[in-house]
Amino acid sequence: MLERHIKKGDKSCLEKEFTVKIDRPIGAAHPKHPDIIYPINYGYVPNLIAGDGEEQDVYILGVDKPIDEIKAVIVAVIERSDDDEDKWVGVPKELVGTPVCFECSINKAVEFQEQFYTHKCTAVYEKTCGAVMFTETSGERRYLLIKNDSGHIGFPKGHVEYGETEEETAVREVFEETGLKAELMENFRVPYSYISNTGHHKTAVYFLSHYDNTEIHIRQGEISDSWLLPYDKAYEMLNYPQDRAVIEAAENRLRSADRV
């Protein structure tokens with residue numbers, strides 16, 4: 001079979017399936033650093049030559065036993081700034097889109113080796129969690145909206161970190177972005193999924209929290225503006241239809257509680 005070459009930084013592999021030969025199965029020692037034991041299967045795509053002149057390397061996630069070969073869908077690229085090649089991350093087809101594909105899970109799984117390199121992970125599947133924050137001002141319910149550097153006007157949220165529950169992520173991200181301590185209301189969880197302009201599959205999960213009308217400390221550098229608005233104005237300012245559905249669900253929940 002003829003060799004093919006792939007340039008560093010090429011992400012055309014994402015969401016495509018490749019046959020991967022495993023030469024360092026789970027439990028194997030690194031050939032140059034025997035103190036590094038592989039906790040996951042690691043192999044290469046035959047006849048696909050990477051930037052270092054060797055066949056393209058692939059981490060395999062979602063398989064808990066040593067294997068010799070697998071057909072895997074590539075769900076992330078680990079871009080090393082201090083190496084000649086990128087590393088790919090693949091999973092069995094049936095696990096595509098599951099939590100094993102999220103950036104936090106990938107980073108944790110490959111840390112045993114990537115800790116020695118300067119790198120970033122470009123993952124196809126991302127998950128964020130946040131909260132719709134509301135307070136009362138002069139007897140009127142108002143919602144906190146923020147604008148990030150991309151121009152998206154929405155609610156405080158951020159990426160799930162490894163080992164966190166959705167609720168823990170929401171509370172942490174709200175505090176990091178606004179300085180507010182969210183106390184999430186029970187029985188309110190609104191998720192939605194979409195594909196970004198870059199082709200990434202994103203899932204956002206929102207909870208609901210009241211806060212006292214205390215000072216908000218917006219984290220500069222990530223958030224460019226913020227507003228505290230009554231429902232109708234907040235609804236109109238949101239620039240994603242999915243976020244409008246979230247705030248509508250929040251307002252309906254709170255109106256129901258008001259009537260009790």
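I began with the second largest cavity, which has a volume of about 30 Å³. For my own reference, a cavity is a set of points on a 1 Å grid over the protein atoms alone where a 1.4 Å probe fits but cannot get out, and lining residues have an atom within 4 Å of a point. A volume is the space filled by probe spheres set on the points, which are joined across faces, edges and corners.

I noted that this is a predicted model, in which local features need pLDDT of at least 70 and side-chain atom pairs count only at pLDDT 80 or more, while totals for chains, interfaces and linings use all residues. Residues are numbered from 1 along each chain as its sequence is written, and side-chain values use heavy atoms, with hydrogens and water left out.

The classes run as follows: Ala, Val, Leu, Ile, Met, Phe, Trp, Tyr, Cys and Pro are nonpolar, Asp, Glu, Lys and Arg are charged, and the others, Gly among them, are polar.

I located Asp86 in the loop between strand 5 (69-80) and strand 6 (87-91); strands (E, at least two residues) and helices (H or I, at least four) are DSSP runs, numbered from the N terminus. Asp86 counts as buried because its relative accessibility is 5%, where buried means under 20% relative accessible area with a 1.4 Å probe and protein chains only.

I looked next at what the Asp86 side chain reaches, and found a polar contact with the side chain of Lys8 at 2.9 Å as well as the backbone nitrogen of Gly9 at 2.7 Å. A polar contact is a pair of N or O atoms within 3.5 Å, one able to donate a hydrogen and the other to accept it, and residues adjacent in sequence count only if both atoms are side-chain atoms. Leaving out residues up to four places away in sequence, I listed Lys8, Gly9, Asp10, Gln56, Val77, Ile78, Glu79 and Arg80 as touching Asp86, where contact means heavy atoms within 4.5 Å.

I turned to pockets, each an open set of points with protein on both sides within 12 Å along at least five of seven lines. The largest pocket has a volume of about 760 Å³, and of its 28 lining residues Asn148, Ser150, Lys157, His159 and Lys202 lie nearest its centre. Strand 8 (125-137), strand 9 (140-148), strand 11 (157-159), helix 2 (166-178) and strand 13 (190-195) each supply at least two residues of this lining, which divides into 6 nonpolar, 13 polar and 9 charged.

The second largest pocket has a volume of about 470 Å³, and among the 20 residues that line it, Arg24, His30, Lys87, Gln113 and Tyr117 are the closest to its centre. I noted strand 2 (17-24) and strand 3 (41-49) as the elements that give two or more residues to the lining of this pocket. By class I recorded 6 nonpolar, 3 polar and 11 charged residues for the second largest pocket.

How values were computed:
Buried < 20%, exposed > 50% of the residue type's maximum accessible area, 1.4 Å probe, protein only.
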